[in-house]
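Student: Could you pick one spot in this structure and take me through it slowly? I'd like to know what sits around it, and then how the rest of the fold is put together.

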Amino acid sequence: MRVAHIHFIIVTLVSLMSYQAQAADGQNLLDIYNIAVSNDPTLAAARSGNLAMQEKIEQGKALYRPNVNFSTDASRSETDIRYLGNNAIFRNAGRESFDTFGFGVNFTQPILRKENWVQMKQAETQVSQADKQLMQSQQDLMLRSAQAYFDVLLAQDQIDLINSQKAAISKQLEQAKANFEVGTATITDVNEAQARFDLLRAQEITVLNDYEVRKRAVQAIIGRLPSRFATVRQDLQTRPPAPMDMEQWVGLATDNNLAISIQQEALRLATQEVERMSAGHWPTLDMVGSYTDTRASGSPNGFGSDLQNATIGLRLNIPLYQGGAISSRVREAIANQQKAQDEVEAARRKSELDTRQAYLNLTGSVAQVQAYEQALNSSQSQLDSTNLGYEVGVRNSVDVLNAQQQLFSAKRDLLQSRYNYLMNVLKLRYAVGLLNEADLSEVNERLVLTSQSAH
């Protein structure tokens, strides 16, 4: 026993050291999700709700178990009685005081109660629905963690791009001032470069604030401020959602989407509620029994008593008329059943739409990444050509600044498209109801921690 305890302590210390080392080196997407699993309040609330719902099973079983009650009473009586008639002389008249004490045990064992039987089935349906809701909360957390993670990455990239732009324009500004001093450039070139530099400083305030806000969004999920994040690999390979086409993904969503499954459970529950309300017309049969022990030191007649009584029997109750309440409840349940049926159809259509959108977004993001990679190459070539033209005098400083701006815009758009691609991979899996940790791990493998990840 002590060896097992020591082993547990060693494993705990190793895990803690591993986590601390990991925190020092940085965090990737899977790290953030694993922390969120233990700290996200939304998932914690879903777990507590699921745990509470599990008790419905025991509550349903209790409906067909015996109901036993114990009762006791004690009293003291003061009486003053006069007897009238020819036999009054044989009775004690006047004031009397006596005590009474008793206790009893009653039990009821349901034998035939259709309403209770249906409630047991409803409890099973409620638990099944709660399990699916917990699964959906877990998938929601994966998606929320990934979205918050990539939002921080984008903010990090914007800071890096702003710093790179500042360095490039600062160099251009220095060159423009030097050329102006020797008379080879006009004051316009200096003013243009200065205006671009000042604008970047203003934009830097915005992106730094945005970065802090997005870090706080991660904090709301994991309960602490994140450290530096791993970024997307530069050699990221994109691929379309093969091998299935869009309609096959839609069919997969019809079978697995959790929102549809939850609404189907709600429909099953509503159908059972119609059956339960209709059971109000059914007779009920119970086994009943009791045991009582009552002792009195006296009575108004002057005699005490010591009575024990045990009874057992069957109780049949046949409802005849209850003011139309049962029929009204049945009609209400039928209307709610139709409502649940309509909500199933609404969930199915929304699932189809979400799946098609996720499929098209993923397909489009694949092409978008490739297009922005080409645009980045073209922008770099344009900047190189513009710099060369500026050196030989056929281009001015404004042309260079514009080419630099276009290059950094292309870099920003490429990074954004890569994040969109990875998010769309997860969103498609989420839309069909099959998002799991393996999918998160697959996306995580496309991240790498670099020295530029720290801010």
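Tutor: Let's start with a working rule: two residues are in contact when they have heavy atoms within 4.5 Å of each other. Keep in mind that this is a predicted model. Our spot is Thr238, and if you skip its neighbours within four places in sequence, Thr238 is in contact with Val366, Val369, Gln370 and Tyr421. On the chain, Thr238 sits in the loop that runs between strand 3 (231-232) and helix 6 (246-256). Is Thr238 buried or exposed? Its relative accessibility is 17%, and the cut-off for buried is under 20%, so Thr238 counts as buried.

If you take the protein's contacts with a separation of 6 or more, 84% of them are between residues 24 or more positions apart. The secondary structure comes to ten helices and six strands, and a couple of helix pairs are worth a look.

Take helix 7 (residues 258-278) and helix 8 (residues 325-392) to begin with: their axes are 8 Å apart and the two pack at an angle of about 170°. Angles over 145 degrees count as roughly antiparallel, so that is how helix 7 and helix 8 are related. The residues of the contact between helix 7 and helix 8 split into 14 nonpolar, eight polar and four charged.

Now set helix 5 (residues 187-222) beside helix 9 (residues 397-431): the axes come within 9 Å and cross at roughly 20°. With angles under 35 degrees counted as roughly parallel, helix 5 and helix 9 are therefore roughly parallel to each other. The crossing of helix 5 past helix 9 is right-handed. Helix 5 brings Asp189, Glu192, Ala193 and Arg196 to the contact, while helix 9 brings Ser397, Val398, Leu401, Asn402 and Gln405. Those residues divide into three nonpolar, three polar and three charged.

On to the charges. How many salt bridges turn up in the whole structure? The search finds 29. One of them joins Arg76 to Asp99, with 2.9 Å between the closest N and O atoms. This pair links distant parts of the chain, since Arg76 is in strand 1 (residues 67-81) and Asp99 is in strand 2 (residues 94-112), 23 residues apart. Arg76 counts as exposed at 54% relative accessibility, and Asp99 counts as partly exposed at 35%.

Helix 8 has a local example: Lys350 and Asp354 both lie in this helix, four residues apart, which is about one turn. Their side chains meet in a salt bridge of 2.8 Å, N to O. Lys350 is exposed, with a relative accessible area of 53%, whereas Asp354 is partly exposed at 27%. Arg412 and Asp413 form another salt bridge, this time with the closest N and O atoms 3.3 Å apart. Arg412 is partly exposed at 34%, and Asp413 is partly exposed at 23%. There's a network too, in which salt bridges link Glu247, Glu345, Arg348, Arg349, Glu352 and Arg356.

Arg65 lies in the loop between helix 3 (41-62) and strand 1. With neighbours up to four places off left aside, Arg65 is in contact with Glu58, Thr108, Gln109 and Pro110. Arg65 and Thr108 are 43 residues apart in sequence, yet 8.7 Å apart in space, C-alpha to C-alpha. At 40% relative accessible area, Arg65 is partly exposed.

Leu112 belongs to strand 2 and, at 38% relative accessibility, counts as partly exposed. Not counting residues up to four places away, Leu112 touches Tyr64, Pro283, Thr284 and Leu285.

Methods:
Residues numbered from 1 in each chain as written. Predicted model: local features only at pLDDT ≥ 70, side-chain atom pairs only at ≥ 80, totals over all residues. Heavy atoms only, no water. Axes fitted to C-alpha atoms, helices over the stretch in contact; angles between N-to-C directions. Parallel < 35°, antiparallel > 145°, perpendicular 65-115°, else oblique. Left-handed = near helix turned anticlockwise from the far one by under 90°. Nonpolar A, V, L, I, M, F, W, Y, C, P; charged D, E, K, R; others polar. Buried < 20%, exposed > 50% of the residue type's maximum accessible area, 1.4 Å probe, protein only. Salt bridge = Lys/Arg side-chain N within 4 Å of Asp/Glu carboxyl O.
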